[in-house]
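Me: I've got a model open and want a quick walk through it. Can you take my questions one at a time?

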Amino acid sequence: MAFFSFFFFLFSSVLASSLFFLFLRPTRFRRVRLPPGTLGLPLIGETLQLISAYKTENPEPFIDERVRRFGPVFTTHLFGEPTVFSADWETNRFILQNEEKLFECSYPGSISNLLGKHSLLLMKGSLHKRMHSLTMSFGNSSIIRDHLLVDVDRLIRLNLDSWTGRIFLMEEAKKITFELAVKQLMSFDRCEWTQNLMKEYLLVIEGFFTVPLPLFSSTYRRAIQARRKVAEQLGTVVRDRRKESENGGRKKDMLGALLAGEDALSDEQIVDFLLALLVAGYETTSTTMTLAVKFLTETPLALAQLQEEHEQIKARKKESDQKHLQWNDYKSMPFTQCVVNETLRVANIISGVFRRAMTDVNIKGYTIPKGWKVFASFRAVHLDHEHFKDARTFNPWRWQKNSSGATTLNAFTPFGGGPRLCPGYELARVELSVFLHHLVTQFSWVPAEDDKLVFFPTTRTQKRYPIYVTRKNETRQCKDSHLDT
């Protein structure tokens with residue numbers, strides 16, 4: 001039913017705009033030099049080919065074929081609109097650096113409706129600059145070192161303490177990142193309230209890539225209802241904290257910073273802002289955690305070197321009688337950072353960004369007409385052999401100094417760039433590193449069954465990556481001891 005609804009909506013919603021474009025193109029766009037390409041089928045363009053490719057383990061042929069025919073910047077037609085697709089890192093950088101000058105954010109209605117109009121993702125102009133700066137300052141190295149690292153370490157260890165037998169790693173990782181996000185944003189530890197909030201939040205996430213019409217999509221309808229409940233719960237927290245703040249009480253978290261800002265924000269603005277940050281700190285980092293483990297499991301030499309690095313850190317801490325990871329421990333994980341980089345490069349949790357041209361834009365000898373969508377594909381660049389030798393192979397050693405594996409650092413943009421650079425990029429790296437430390441020093445594991453990657457509507461594994469875990473002080477092999485489960 002959802003499948004039928006999607007295509008019904010797609011056909012009906014783009015019919016007028018597509019016909020308008022087809023009739024207008026000979027007169028309006030004959031005067032400009034468009035990037036080469038094809039618009040595909042009438043009305044739906046090449047959307048079906050894109051979706052089909054990204055629902056497989058290997059979506060690259062969709063891009064490879066078009067780059068081979070037309071070059072790294074080409075014209076296509078996706079989700080009802082003519083689109084310039086960029087698989088070129090210089091063009092991507094140009095798009096990112098010219099945010100709100102030549103290009104502006106453009107996201108599907110389902111995302112904007114669920115995040116709220118005051119989310120950081122959708123903010124523009126001076127308000128975006130101010131709120132982005134605030135978020136960046138709250139997640140910088142000194143704040144992480146002095147305030148956040150202790151909670152990251154504690155909450156990850158607390159979650160891993162409950163692991164036993166067969167687990168779904170992606171689900172467990174989501175629990176970790178959600179609890180970390182709630183703690184950092186609002187100072188809540190795990191409790192019944194946070195557990196209920198997470199249940200509603202999962203429904204909101206499911207609605208992001210569905211048809212934004214309640215009449216045709218039950219998933220989207222549930223997401224809208226869940227979004228309302230999440231907003232109500234966050235609104236209660238905001239009102240209570242505002243009263244505390246007016247009475248002189250303040251906590252050193254993101255909500256406290258929002259309430260203490262010089263320019264007063266409404267409760268609705270703060271709720272939208274917090275809701276969107278929960279998404280940013282929850283979904284992408286948990287998926288990266290899961291895929292790092294998957295890639296390491298499939299690359300035993302990398303896993304062995306990672307374990308050696310962390311066992312040395314654990315031994316040093318045992319000698320000094322320290323339990324919690326310190327900032328100097330994090331800074332002494334060079335190979336871990338190679339693993340994190342390579343996971344981000346291969347997995348491409350954010351495959352790229354959509355923007356809309358605010359005016360006719362000339363680039364690479366072509367013109368992107370005003371109003372056209374552009375898609376800056378990070379994935380296409382990260383998996384390009386010209387920038388990364390054997391680009392489609394997981395090889396963390398390529399990031400080591402003096403490595404023979406060619407890398408183009410300017411082409412590596414897992415957190416975007418320009419004015420919309422992900423403000424939590426450093427915190428995400430810390431969370432990943434601390435998670436890997438406790439995982440490899442406490443557990444051994446084997447996959448419970450084969451699992452595959454898919455990339456639509458988001459990057460994930462089909463089966464949530466089930467594994468058998470055994471604590472390292474246990475003697476029985478994890479897989480053998482759970483054959484009867």
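What follows is a chat about the sheets, some helices and a few side chains.

Me: What kind of model is it, and how are residues numbered?
Reply: It is a predicted model, in which local features need pLDDT of at least 70, side-chain atom pairs count only at pLDDT 80 or more, and totals for chains, interfaces and linings use all residues. Residues are numbered from 1 along each chain as its sequence is written, and side-chain values use heavy atoms, with hydrogens and water left out.

Me: Start with the sheet of five strands. What's the strand order?
Reply: S1-S2-S8-S5-S3, in an open sheet with mixed pairing. Strands here are DSSP runs (E, at least two residues), and helices are runs of H or I with at least four, numbered from the N terminus. Two strands pair if DSSP finds at least two bridges between them.

Me: Which strands are at the edges?
Reply: S1 (73–78) and S3 (103–105), each pairing on one side only. Neighbouring strands of this sheet are turned by 35 degrees against each other on average, direction ignored. Axes are lines fitted to C-alpha atoms, for helices over the stretch in contact, and angles run from 0 to 180 degrees between N-to-C directions.

Me: How does S3 join S5?
Reply: They run antiparallel, with three bridges between S3 and S5 (residues 352–357). Phe103 sits opposite Ala357 in S5.

Me: And S5 with S8? How many bridges?
Reply: Five, again in the antiparallel sense. Gly352 stands opposite Ser377 in S8.

Me: Is S5 largely enclosed or open?
Reply: Largely enclosed by the rest of the structure, because five of its six residues are buried. Buried means under 20% relative accessible area, exposed over 50%, and partly exposed in between (1.4 Å probe, protein chains only).

Me: Which strands does H4 lie across?
Reply: H4 lies across S1, S2, S3, S5 and S8 (373–377), running at about 120 degrees to S8. The buried residues of H4 (residues 89–97) are Thr91, Asn92, Ile95 and Leu96. They cover an arc of only 135 degrees around the axis, so they are on the same side of H4. The arc is that of the directions from the helix axis to the C-beta atoms.

Me: Why would residues three or four places apart point the same way?
Reply: Because an α-helix has 3.6 residues a turn.

Me: Back to the strands. Where is Thr83, and is it buried or exposed?
Reply: Thr83 lies in S2 (residues 81–86). It counts as buried, at 0% relative accessibility.

Me: What does it touch?
Reply: Leaving out residues up to four places away in sequence, Thr83 touches a set including Phe74, Phe354, Trp372 and Phe375. Contact means heavy atoms within 4.5 Å. A polar atom of the Thr83 side chain also lies 3.0 Å from the backbone oxygen of Glu81.

Me: Now the sheet of three strands. What's the order?
Reply: S4-S12-S9, an open sheet with antiparallel pairing. S4 (165–168) and S9 (443–447) stand at the edges with a single partner strand each, so one side of each has no neighbour in the sheet. Neighbouring strands are turned by 35 degrees against each other on average, direction ignored.

Me: How many bridges join S4 and S12?
Reply: Four, between S4 and S12 (residues 466–471). Ile167 stands opposite Ile467 in S12.

Me: Which helices pack there?
Reply: H8 (residues 169–186) touches S4 and S12, its direction making about 65 degrees with that of S4. H17 (residues 425–442) lies across S9 and S12, at about 90 degrees to S9.

Me: Switching to H6. Which residues are buried?
Reply: His128, Met131, His132, Thr135 and Phe138. Their arc around the axis is only 125 degrees, so they are on the same side of H6. Exposed Ser126 and Lys129 are on the face turned away from that buried side.

Me: What do the buried residues of H6 pack against?
Reply: H7 (141–160), H8, H11 (254–259) and H12 (267–297).

Me: Last one. What does the side chain of Gln337 make a polar contact with?
Reply: The side chain of Ser433, at 3.0 Å. A polar contact is a pair of N or O atoms within 3.5 Å; within protein, one must be able to donate a hydrogen and the other to accept it, and residues adjacent in sequence count only if both atoms are side-chain atoms. Gln337 lies in H15 (residues 334–347) and is buried, with a relative accessible area of 17%.
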